[in-house]
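Good morning, and thank you for coming. I would like to go through one model with you, beginning with a single side chain and ending with a pair of helices.

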Amino acid sequence: MNFSLVIIISAIFGLLLTGNIFYTKRQKKSLVCPLKSDCNLVVNSQFSHLFGIPLEILGFIYYGLISFSYIIFYYTPQIQTE
């Protein structure tokens, strides 16, 4: 499997995950935490913002940029520099 495809799939998974956190947090629902911890405590803590921006928004932007750029590079390999 091509390394770019792995990155694209991982970035899309990251988009889905941050989208789920954003949606669940806005709906005031409980997050399901597989580690038997309190995920809501972490997601709603004072450290869940960076310069006033929620981290799930920053994560969504990051994963969006990564997936967009790797999709562009995957389908147009002639623009890559060597």
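With which side chain does the side chain of Ser48 make a polar contact? The partner is the side chain of His49, at 3.3 Å. By polar contact I mean a pair of N or O atoms within 3.5 Å, where within protein one must be able to donate a hydrogen and the other to accept it, and where residues adjacent in sequence count only if both atoms are side-chain atoms.

Before going further, a word on the basis of these values. This is a predicted model, in which local features need pLDDT of at least 70 and side-chain atom pairs count only at pLDDT 80 or more, while totals for chains, interfaces and linings use all residues. Residues are numbered from 1 along each chain as its sequence is written, and side-chain values use heavy atoms, with hydrogens and water left out.

Let me return to Ser48, which sits in the loop between α2 (39–43) and β1 (49–50). Helices (H or I, at least four residues) and strands (E, at least two) are DSSP runs, numbered from the N terminus. Ser48 is classed as buried because its relative accessibility is 5%; the classes are buried under 20% relative accessible area, exposed over 50% and partly exposed in between, with a 1.4 Å probe and protein chains only. Setting aside residues up to four places away in sequence, Ser48 touches Lys25, Val42, Val43, Ile53, Pro54 and Leu55, contact meaning heavy atoms within 4.5 Å.

Beyond its neighbours within four places in sequence, Lys25 meets Val43, Asn44, Ser48, His49 and Glu56.

I turn now to backbone geometry. Most residues other than glycine have a negative phi. Lys28, although not a glycine, has a positive phi of about 60°. This residue lies in the loop between α1 and α2, and Lys28 counts as exposed because its relative accessible area is 76%. Phe51 is also not a glycine, and its phi is positive at about 55°. Phe51 is placed in the loop between β1 and β2 (53–54), and at 80% relative accessibility Phe51 is exposed.

Next, the helix pair. How do the axes of α1 and α3 cross? The axes of α1 and helix α3 (residues 55–75) come within 8 Å and cross at roughly 155°. Axes here are lines fitted to C-alpha atoms, for helices over the stretch in contact, and angles run from 0 to 180 degrees between N-to-C directions. The two helices are therefore roughly antiparallel, a label for angles over 145 degrees. The residues of this contact divide into 15 nonpolar, seven polar and three charged. In this scheme Ala, Val, Leu, Ile, Met, Phe, Trp, Tyr, Cys and Pro are nonpolar, Asp, Glu, Lys and Arg are charged, and the others, Gly among them, are polar.

Two residues of α1 give a sense of distances. Ile8, found in α1, is buried at 9% and touches Tyr70, Ile71 and Tyr74, not counting residues up to four places away in sequence. Tyr23 also lies in α1 and is partly exposed at 45%. Ile8 and Tyr23 are 15 residues apart along the chain, with their C-alpha atoms separated by 22 Å. Tyr23 and Glu56, by contrast, are 33 residues apart in sequence and 9.8 Å apart in space, C-alpha to C-alpha.

Thank you; I welcome your questions.

Definitions and conventions: Parallel < 35°, antiparallel > 145°, perpendicular 65-115°, else oblique.
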